Amino acid sequence: MRKQLSIIFFSATGGTAKIVKSITAGIGGNYEEYNITLPANREKGITFDASDLVIIGVPVYAGRVPDFLIDFFANVKGNHTPAVFIAVYGNRDYDDALIELKDTFERNGFIGIAAGAFIAEHSNTLKVGTNRPDSKDLDAAKQFGADIKIKFEDSDAILQSPKLIVKGNIPYKERMSAPPIAPDTSGDCINCGICAKHCPKGAISLYNFKEVEAANCVRCCSCIKKCPVQAKSIHHEVFNKITRALIDSFSTIRHEPEYFL
Ligand SMILES: Cc1cc2nc3c(=O)[nH]c(=O)nc-3n(C[C@H](O)[C@H](O)[C@H](O)COP(=O)(O)O)c2cc1C
């Protein structure tokens, strides 16, 4: 593919990053990486042109694109720039996240050429989407990248390709409002600061790692999954209720990736 490849992804617990990188491996060649997981990497906008190909990957939060990414995405501009949209969800559903991602970027000068929905372990619990993306998912993502490369090897194919259609509804499903919920920190905390360093919202104080700003926490569970001594956990009744419902309905079924090409 004679395009300069760039990847943009948000990935608090690593699932989206794995999928986007496998697709990239399937396309092959060099690429520029914009990992926008940390707030510092969402400060400056990015501009692309028609010689670029951009893969954009986000996790699905409540069936939508995470709301705190929308302001940053307004500053990612294309100019007839081909793009691949990827939504990664926790084995429940991706609802309207993929169509919202596509609409957001197409409004900004990108031309959608392909899109996909993939599955990762659910942030709330190891029991839903357990160990995903697994090797089958990653092979499928790589093959999807190879298919994109073959289909769009020639730039004319991009111009001639019919408008991309993905699954999802307009209007998008209402964003869910949740009470402020933040993880608790047990006495096992060793003050290593890994949680604060990796918090995608900067919600954990850099001076007191036990202090979490609940209004700013998005319950991505990065701190819980990265803590080396399992000192962080969420005990809020709303969170527990949602998690129990997820386990009841989605722990024993396996959704498979979907492709729009
Ligand atoms: C606030 C929040 C809302 C979520 N909503 C959904 C959802 O609607 N459907 C779903 O299947 N997974 C949902 N998930 C799970 C994530 O989409 C899934 O774990 C994701 O792939 C994690 O990506 P990452 O590992 O790149 O951070 C949600 C996770 C969080 C934190």
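This is a predicted model: local features need pLDDT of at least 70, side-chain atom pairs count only at pLDDT 80 or more; totals for chains, interfaces and linings use all residues.

User: Thanks! Which residues come nearest to the ligand?

Analyst: Those are Ser11, Thr13, Gly15, Thr16 and Val60, out of 24 residues around the ligand. Here a residue is near a molecule if one of its heavy atoms lies within 4 Å of it.

User: And what classes of residue make up that shell?

Analyst: The shell has ten nonpolar, ten polar and four charged residues. In this scheme Ala, Val, Leu, Ile, Met, Phe, Trp, Tyr, Cys and Pro count as nonpolar, Asp, Glu, Lys and Arg as charged, and the others, Gly among them, as polar.

User: Which backbone atoms lie by oxygen atoms of the ligand?

Analyst: A backbone N or O atom of Ala12 is 3.0 Å from a ligand oxygen, and for Val88 the distance is 3.3 Å. A polar backbone atom of Ser123 lies 2.9 Å from an oxygen atom of the ligand. These are polar contacts (pairs of N or O atoms within 3.5 Å). On its own the ligand exposes 650 Å², and the protein buries 94% of that. Those areas come from the Shrake-Rupley method with a 1.4 Å probe.

User: How is the chain divided into domains?

Analyst: There is domain 1 (4–172) and domain 2 (184–242), with bounds from an automatic or database domain assignment. Their centres, taken over C-alpha atoms, are 27 Å apart. The contact between them (heavy atoms within 4.5 Å) takes 14 residues from domain 1 and 15 residues from domain 2. Each domain also gives at least three residues to the shell around the ligand.

User: Switching topic: why is helix H3 largely enclosed?

Analyst: Nine of the ten residues of H3 (residues 97–106) are buried, so the rest of the structure largely encloses this helix. Buried means under 20% relative accessible area, exposed means over 50%, and partly exposed is in between (1.4 Å probe, protein chains only). Helices (H or I, at least four residues) and strands (E, at least two) are DSSP runs, numbered from the N terminus. The cover over the buried residues of H3 includes strand E4 (52–59), helix H2 (70–73) and strand E7 (110–119).

User: Can you zoom in on one residue there?

Analyst: Let's take Phe105, which is found in helix H3. Phe105 is buried, with a relative accessible area of 0%. Leaving out residues up to four places away in sequence, Phe105 touches Ile56, Phe73, Val76, Phe85 and Phe110.

User: Where are the cis peptide bonds?

Analyst: One joins Arg132 and Pro133, with omega about 0°. Another runs from Ile170 to Pro171, with omega near 0°. Most peptide bonds are trans.

User: Last one: which residues have a positive phi although they are not glycine?

Analyst: Ala62 has a phi of about 50°, and Asn91 has one of about 70°. Ala62 is in the loop between E4 and H2, and Asn91 is in the loop between E6 and H3.

User: Are those two buried or partly exposed?

Analyst: Ala62 counts as partly exposed at 36% relative accessibility, whereas Asn91 is buried, at 2%.

Methods: Residues are numbered from 1 along each chain as its sequence is written. Side-chain values use heavy atoms; hydrogens and water are left out. A polar contact is a pair of N or O atoms within 3.5 Å; within protein, one must be able to donate a hydrogen and the other to accept it, and residues adjacent in sequence count only if both atoms are side-chain atoms.
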